[in-house]
Amino acid sequence: QVQLVESGGGLVQAGGSLRLSCAASGHTFSRLAMGWFRQAPGKERECVAAISWSGRTTYYTNSVKGRFTISRDNAKNTIYLHLNSLEPEDTAVYYCAAKYIAVSGSDYFTTSSREYEAWGQGTQVTVSS
């Protein structure tokens, strides 16, 4: 079973930057597609970014394109989310999630929260105006 631990959240002024990290354990990291989700108060959880096991395939929701970057270091069993040009609307709890990929070498990824099998505890990002 995969365990995920996020870190790197905090309070930042609008226009600032943060880097979120998510460390995975308990499974072969290279068989995991990964995603970053966020949930603001009163809103549904949304997929912010996703990445295939190889890192060759990525996804970003429209509101963060050009500002956020997802990456992974398979040697360190860690994924990252670089958040730049932060806006108050980015305030939310950010979660990383993992999905086991049964087909070795597949660059599959998903933006559906229902497909992810493991979740971290979340890290708060607060952007002040």
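What you have is a predicted model, where local features need pLDDT of at least 70, side-chain atom pairs count only at pLDDT 80 or more, and totals for chains, interfaces and linings use all residues. Residues are numbered from 1 along each chain as its sequence is written, and side-chain values use heavy atoms, with hydrogens and water left out.

Let's start with the overall build. The protein chain has 0 helices and 11 strands, counting DSSP runs numbered from the N terminus (helices are H or I with at least four residues, strands are E with at least two). Its radius of gyration is 14 Å, close to the 14 Å from the globule rule for 129 residues, so the chain is as compact as a globular protein of that length. That radius is taken over C-alpha atoms, and the rule is 2.2 Å times the number of residues to the power 0.38. The C-alpha atoms fill a box of roughly 45 × 25 × 25 Å along the principal axes.

Of the 129 residues, 44% count as buried; the cut-offs are under 20% relative accessible area for buried, over 50% for exposed, and partly exposed in between (1.4 Å probe, protein chains only).

Now for the inside. A nonpolar core here is a set of buried Ala, Val, Leu, Ile, Met, Phe, Trp, Tyr and Cys residues joined through side-chain atoms within 4.5 Å. The largest one has 30 residues, and Leu4, Met34, Trp36, Phe68, Leu81 and Tyr94 touch the most other members. Several strands each supply at least two residues of this core, including E3 (18-25), E4 (32-39) and E9 (92-100). Take Leu4: leaving aside residues up to four places away in sequence, its contacts include Cys22, Met34, Cys96 and Trp119. There is also a second, separate core of 5 residues, with Phe37, Cys47, Ala97 and Tyr116 among them.

Finally, have a look at the backbone. Most residues other than glycine have a negative phi. Asn77 has a positive one, near 55°, and sits in the loop between E7 and E8. Ser85 also has a positive phi, near 50°, in the loop between E8 and E9. Asn77 is partly exposed at 28% relative accessible area, and Ser85 is partly exposed at 41%.

How values were computed:
Contact means heavy atoms within 4.5 Å.
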